[in-house]
Structures are given as C-alpha cells and as structure tokens.
Amino acid sequence: MAPVLQSHEGQGMPPGPSSKSEEHRHRRRFVGPMPESILTSEVTVNQQSQKKRRWFSSSSRTSVASQEDEDQCLRDVIKVHAYAFFKGHGGKDEDWGEEEEMSVQEEMLRRWKQSEWSKLRNAKGSGAKNRWVGTSFDIGTFLGVNILDNAQLTTSPTSSPPDSPTKSTYATSGNTGKQSSAVETFVTAPNRPSPGSPARKNDLVSGTPSDPQNPSSYFTLATPSDEQPGTVLGDPLQGPSRVMDHLQAPDLASTSHSNGTADHSVIPSQRKGKKKQVHYEVNAYDDEPTSPSNVLARSGQEVAETSAGAVEAARAEITPEERGVLMRDRMLVRVSHTGADSVGTAFDENQNRITQHLEYEDWSEFMVSLPGKERLTKHKYLAFVVPLDSPRTKLSLYSFVDMTFCFVCPPTPVLCVSKDRLRFHTAKSGLNVFVFKVKVRSRAQDWIWKLWRHVGGRLPKSIEIRCPTLDSRLKLDLPNLDALILSDYGLFDRDAVIQLCEKSLRTVREWGWLVQRRVNEGLSLELAWRMGAKLDWVWQLYDLHGRPRDWAVLCGLALNQGGKPSHLEIRLKVHKPNKLHLKDGTRLDEPPGIEGYLDTIKPTTQTKQPVYVATHDGYLFTMSPEHAHPPFPHGVSPEILSPKELKEAEVSRGAKQILAAHGALDLRNILVVRRAFHQTPRHTHGDSSDDDEVGVWQELDRTESDNEDRGGEEGLATIPDKPRKHMRRSFELLMVTGHIVRLEAYSCIVALEWIHRLRALITYWKTKHQMDAKREMDLAHHGAGRTRVTPLKHVHVVDQNLPPEDPPDPESSLPDLSAVYNWCLYQNCRPILKCGKLFARKGLRGQYEHLQLVLVNGHLIQFQIKPTMSLHYHKRQTINLIDAYVCSGYFAAQTLPAGQFQPDTPATARRYADGLETDDPEEDTLFMLWYRSHPVGAGNETGSSPVAQLRMGPPRSAVIPPLSAKRKVALFRTRSKLERDAWCWALNTEIEKVAHSNPQREIRMRETGDIIHDP
C-alpha cells in the first residue's frame, strides 16, 4: 500500500518522498491573458464567502478576512511549499535547515509581491470590461511550485467507512445485553462482535458457533412448516388495503451467536426523547383546500413539515430488520415462462440464446424483498413469489458484465392474479425464469452472495489467487467458514489478504523489478475478480449505511456464469498513464492540456465570435465565455484551500466545462495546425501539394513584430495595417473533413503558443489511440480466445515454414487489462471518466447515429458527429445517471422490436480508422441505458462529499419516482465486445458512485412503500 505522509510543518524538516506516481500528474496551462472582470468578480465573491474553509486553523474564521489575515494565510502556504521551491531551484538536502527555510520563505514572498497577480489581488479593479490582464500560467502552480502535484491522490471511497446516514445506535457488546437510548435512536443487538471479544476468538478456535446441518440455528420461521420462504416482488399495481402475514425472513443480520448456540433475542426498540410532530400555523389556512395535484407534487422539504412527512419519518424508524426483511431493493426484472421441465443447470445469457419457446414480459421495475414479513399496508401488491426452498429452484449468474442474476423455479400462486399472468402462477408444468438487474453493482453482489449462501452455496477449502504481473499463482487456505457466523467473514478483508499475498510473492525473483519498483513509485496492490477479459475490482467495502461488507472479497466465489467461475487476482492499482513508450525506445510524455480565450473567424462574413477553448484527454471543447469556468491563478483568491481540495476542485472545474460545452472536437481529426497567411479566411483546404500547403509543419516564422505586439485593441491602435496584424494573430486548423477553422488569439505570441502546444497534443493523442487499438485487439485475442481477423506476419522474415502465431489462451495473465479497467474512474482523477465514439439511437426505433459520448461526474453527454461538420455539436439531452440501469448483450437485444434483432446473422469482420479489427456478433456490442429524466446536477444534495461534487447552481434533490413511472431508453452499439464491456463497467461504476454520494435518497427509495403479502 502507498505510504501515508505526515506533515512536518513548522519543524524545519523536509517532507518525505511523495507517494504520488509520476504517471498520475496531469498538467494544465492557461494560454494568454484573461478579462479583468473575471478576476475582480471572483475576488469579490471569495471575499464575501463565509462558507469555505481556510487551509490552516489560524486562518479559519468565517467572517470576512482582514488584509493581515490574508497575508498570514499566504505565509502559511509559502511555508508549506518552501522546501519544494528550494529543491526546484537546485537545493540539496544537506543545505536545508531553519535559516535556509526562512531565507527561502522571504524570497518567495518577495517574488509574490512583485508579480502581476499580487497587484491584481489587492486592486479594486478598474471597472473596464474589455481590459485584459495577466499572461499564460500553469494551472495549480504557485511561484513555480505545482501545488496539485504535491497534493496526495484522492483516497479510495472505501479507505474509511462513510458517515452512517441512519440514526441507529448499536450495542458495543453482544454479551452484556445492555440498552442505550438517545434522541431519535433505536438499539438492537450487534450484528458482529468486536474483533477482540473472547466470544469471537473462542468461536474461531472451536469452530462450533453453529451447526450447518441444523437450519434452525440460522433462521426462525414464523409461519407453518408447509410454507416456503421466497423472494417477493412488489408490483406497482394498486389494490385493497389489508394486513397479511407472511413468513419471517431468515434474518442473518440481526442474529447473534454465542458458544455454538443461536441467540434470537433482539433488544426492544427504544424511541424515547424527541418525537415527530406536525406543526400547524393558525393563519396558514385558506378558504379553499389545496388541490390534489399540488399535494402530490410536493417533495423534499415541502413534505417534511406535513402530516405525510411525519408518517414517512415514523415509518423510516422501523428498519427492515424489525419487519423481518433481510433485503429489499428496487430492481428491473424480466419474467419469462417455458413449458419445458428444464433449461439447463445454469441459466445465463448464453443458455438464453439457445432456449426455445420462452414467453416473457417486457422489462418492469419491481420492489424485490428477500423473504420476510412487513406489517404496514398499502402501496404495493404481491406480484410474484420465488420459492427459495423448492428443490427445483436454481440460482445462477446471468451476466458478469451487468451483474444480473437469475432464478429458475416452478410457478407459484399468489392471491391476486391478472389474466395476463395466469401462466406464471397457475401452470401445472413448466418453469418461470426471473432475471434481476440491481441498479448498484455492489448491492447486486450482496444479493447474489446472500442468496447463494441461503440456497446451499458452500465455500471451498482454499482460494487460488493469481498475480498477472508476475504470472504466478498462490493458494489461500480457508477455515471452515460454513461453521462460522456471518461476522467472521470480516477476517478476510481486503487489506489482510493483500498483505498475505505480498508476503508470499516477495519470494518470487522478479518481485523487486516488476512490482516493488512500481510500488515505490506510488502504486499499490489491489484485488479484483476476473472472468475472461472482464475485471471487477474489490473497492466498495461499505454499504450505504456505512456498515462493512465483510464478504466483499469472498462474494466473488458465488460468481459462476455458465459453469465458468471467476477467479481472484492481485493487480497493480493502475491509473491512466501519461507517458508512452514507443517501439524504438522513445518515451513520449503527455503534453499539458491547454485552455484560454479565443475568437472564431467566420469565413463568409469574417466576423469574430468570442469562444473559450479547453482540451481534455485528447478532445477540444468549445463553450461560451460566460460559462467557461476559467482557472483562478493561485494566490489571487483570499481563500486558500488545501492541496487535496484544490485537486478535487480542479477536476470539478473541468467537468463543469464539459457540461457547459456546445461543441467537441477529436484532436485526431486535425491534420495540420498552421499559422494563418491569408488575410481572407478560406473555407476548405486543397491537396497537400498545393503551394499554400507547403511547409505547414516547418518551424514557425517569428519576427520582431511578434514580440512587439502588445495585444488586444491597444496593440492595434498604432498599427497602420490592421488586417495583416489580425492575420498574424490567427492560426488555422485543417480538418480531415476538408474544412478550415480559423481562430484568433490575443496577440502574436499567444497565437504561437497555441500552435506549438496543439501540435504536441495532436501528436501524442494520435499515437496513444493507435497503441490503445492494438492493445484492445491483443486483449480480445487472448482474453476471449478468439483468432485474429488478420493473422500476424513476420515483417523482416520471409519463410513459409515459420509456424503461425500460438493459439489464444483464455487463461493467460493479461496484465494490460488493468489499463482498461483503471482506477481513475473510481477516484475521479480526471474530469473525463470515459470518452469514445459510439453508434446510438434515441429509443428503440430509428436509424443509428454516430455520437461522441463523454462520461463526467454522474452525467453522460452526447455530441452528434456529422461528416460535413468540423465540430461535434451538443444537441442531445444530457443524461443524469441518478436513476439509471445498464444492461447489455442478449439481455438488451431482447428489448428490440420484432424483426430488428437477427441472432442467426453471421458476424461480419470490420476494420476502423485507428486500425481496430473486430468480428464480434451484434448482441455482444449492444448495451442499453434505462433512465428517468432529471435535470443536470439533480441529486448533488447539500452536504454530500467530497468537496468537488458538481454544483450546477443551487443543490437540487432528485424526486423519487414511483415504480410505475415511465422510463426512457437509449440504445448504444460499440465497435467490439471489449469496448462494450468497458463502457458497461464505467457506467455501472459511476451509477454506484452517484448512489453512494446520495445515501439518504437511496435508502428512502428502498424503504418507500410496503408490500402486501398473501395470507
């Protein structure tokens, strides 16, 4: 694991080596000046702000800071970065001491006071709207020290348990039986003893905390023995209000074990203290009652102060455990029926392809409850029951990509049956097939794990853990976990397993060079479950309540699709690299991203239009200057944030830019960046042999007049030939479409910097995309066990007797797979989480369109690609992922209208512009996004963490929709199966991050309404 740095501030000691890997430094540069009005408005806003925190406690007042406080805050920042400044200017460690530290701090303060930004910080502003100030600067740099590089990486969301959104207080010991009460709290027995408790140690030693052959040691049934427990699906249909008893769930979470006996006692709930009340204002009554439509439209705080809010609050105090419900969630469910007596031992998407005569319903969202009894009434009818204890009921993993699971069971009757569903309940033969899709991936793993254990899933005696970097394997022996209680799964937490593997793998000879060297650079080791060419990292260690998921490592044992189990691997925690190593040994570093203010020149009218241009991950985005979110030179703002907050704020700022962009451009579509040499802009460019195109990649011609250009209108005032000066300030982008895009900068020097830096970015990202395409073909060849579309040939050897390439091995190590499933998505390291070109259509009908998809913080942005347009314009609605589901493959293909999906059509080999060759069938390249319309930024509620959560205006709560609410669907088609799997992983991960950033809302969705059970 990466070392934890400790601060040595105020002790005159240099900090230790940075734990940040050089591969993870993302540099950015602002090119040219910026309007003074932007700086002065930002300074005024920050001076009036009373909510932001200062870096140090000595400057953490909430009132408007005085000039002395601001100077002291700057001195504190200088003090922290003095050593980095010293080392950056050639200082040696042996020369560092108290005197040298004070000298360096004074020098930094002197340079700051002489800088232009210092003068702007203290200036009140001239009030001129058209005045431009400043020069180009590196974003996040203060006096030559990159503060963003000195900041540690954003920690994993699982490094520490989040604050529990509930108000539950649990007893600290399972043996005392004492109760504790608090305001608006309840007390239950602990669901896991403390790690050092004697009871836990005795259980582990004796191995007899429960009898696996005696079900009563695990569960208590409240119904007659002839009734069977089952998974209950609540239908959104309305029905009569009545109280119905159902059997009680095997409540593993609230069962305490001690000395080999089951203790089913639960401490009664204590709800003393403050109670929920409804306050009525005497003068608030109107003569006319409120209309029903207005009442139903209430949400959030409007409901909290009403009687409905009091009822909902009282209902929230009753936990699912108190109602005897082990788990409940909203899910997308597809229900099918077949007259056959068997559909195979493990029903998955491959078995679904060859199973005939399946009658199925369309997708619907249900409230699914793992067997239990719910006392409150109304809201939801019982639609289906899955008898878990029936010998004909089979549980299987339907799709590892979507983490969907399936139940095959005999038809089970319920009380209220519609005519359309008679075959699912009253058929005397045949089987029902239920496919469940949970929105949150880790929650789906919880369901699979608990259901697998309930239906008799047994743990192996050992787990094989593979290390792809070393191409080695080791075995981890497991004790008799079937005889242990649920809480003892916590013995196999992620960090403990990693440390055990690291200790064993150190004996491998290549460990130091292949692994330890990368760990010293700042990387760490992580666990992941792999199936084929798909990875599922062990990263979410806590649920929405902040409770540990003790089975987070072991739950992969239940992931068995079509008889092929997943296996556990220990891999390097890889982020997106920022350097490339070419075949000739050349190292190509990622150039800094750039942004700044420009003017677009229309070729027809030659009019100028202001635009803000920013590059992110090989794409150029254009936006209005009013919504540009420009960077703030560090030190100008009186409020100084910590390095970690600065890093998060910078990522958030980039995401805001992309959400506000009206156009996008792939840098690979730019053939040439050249300086303008025609006073009249041209529409298109001709053949490269034309005189106008000769020498465009040669060294830029620079003259003395370029250096003398003061820029702006002031620089044009003394120039007699103004059109020529405008031309010298301009540069052109020659596109692959044949168009020419002309842009004008503030001055000639600024234009030359734009040309130089854009050329470097184009070279890097063209090379990177080619290498990514080659890596993707290699992974598809080895991971999926498929032959190449075009066999590899020896270039320099002509010998017909040479053997062909070795056949693919699906069990090969594939260390490059970590780069596809990298950790930048988990930790929000970059504004763009994933980006690429896909084919999509709105809804289920119509023609496919070529789109540029960009995934940012909780949103999916779509830019339309047209061959006749230079820019990809943002025309489609931005999709908020807060209530979205992702499904892929045959699961998604079944949703297409009749006749649009032909599974018997042979796959066609395809080759794309970047060299990618694929021949995957159509269903392996499809995925669907089911979503509900929410405004951009909805769901980013107040108080959510981290600091960099997107704030699109005031925080807005997303309304919880009913089960019967209509959903929209977006259908996407990728170029290959590996690309499809990567997009599904990225979307599912982002959906989970959105859910964990809004835990209260997710919990309310699970607890909204009650299920009416049959008697």
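The model is predicted, so local features need pLDDT of at least 70 and side-chain atom pairs count only at pLDDT 80 or more, while totals for chains, interfaces and linings use all residues. Residues are numbered from 1 along each chain as its sequence is written, and side-chain values use heavy atoms, with hydrogens and water left out.

**Cores and helix α13**

A nonpolar core is a set of buried Ala, Val, Leu, Ile, Met, Phe, Trp, Tyr and Cys residues joined through side-chain atoms within 4.5 Å. Buried means under 20% relative accessible area, exposed means over 50%, and partly exposed lies in between, with a 1.4 Å probe and protein chains only. The largest nonpolar core has 62 residues, and Phe405, Phe434, Trp447, Ile465 and Ile570 touch the most other members. Helix α13 (residues 441-454) contributes the most to this core, with 6 residues. Another core, of 43 residues, lies apart from it and includes Phe30, Tyr83, Val104 and Tyr612. In soluble globular proteins, nonpolar side chains tend to be buried together.

Helices (H or I, at least four residues) and strands (E, at least two) are DSSP runs, numbered from the N terminus. In α13, 14 of the 14 residues are buried, so the helix is largely enclosed by the rest of the structure. The expected span of a helix is 1.5 Å times one less than its number of residues. For the 14 residues of α13 this gives 20 Å, which agrees with the 20 Å between its end C-alpha atoms. Gly456, with a positive phi near 105°, follows α13.

**Strand β25 and its partners**

Strand β25 (residues 567-572) is mostly covered, with 6 of its 6 residues buried. Two strands pair if DSSP finds at least two bridges between them. Strand β19 (residues 462-467) runs parallel to β25 and is joined to it by 2 bridges. Strand β21 (residues 525-531) pairs with β25 in the antiparallel sense over 6 bridges. Leu568 in β25 is the bridge partner of Ile465, and Leu568 is also the bridge partner of Trp529.

**His683**

His683 sits in the loop between β32 (670-675) and α17 (704-708). Its relative accessible area is 44%, so His683 is partly exposed. Pro603 is 80 residues away in sequence, yet the C-alpha atoms of His683 and Pro603 are 6.1 Å apart. Leaving aside residues up to four places away in sequence, His683 touches Pro603, Thr604, Gly738, His739 and Ile740, where contact means heavy atoms within 4.5 Å.

**Salt bridges**

A salt bridge is a side-chain nitrogen of Lys or Arg within 4 Å of a carboxyl oxygen of Asp or Glu. The whole structure holds 55 salt bridges, among them these:

| Pair | N to O distance |
|---|---|
| Arg571 and Glu569 | 2.6 Å |
| Lys608 and Asp599 | 3.9 Å |
| Lys837 and Asp666 | 3.7 Å |

Lys837 in strand β35 (residues 834-842) and Asp666 in strand β31 (residues 663-666) are 171 residues apart, and their pair links distant parts of the chain. Lys837 is partly exposed at 24% relative accessibility, whereas Asp666 is buried at 1%. Arg571 is buried, with a relative accessible area of 2%, and Glu569 is buried at 1%. Lys608 is partly exposed at 40%. Elsewhere, Arg28, Glu595, Glu650 and Arg653 are linked in a network of salt bridges.
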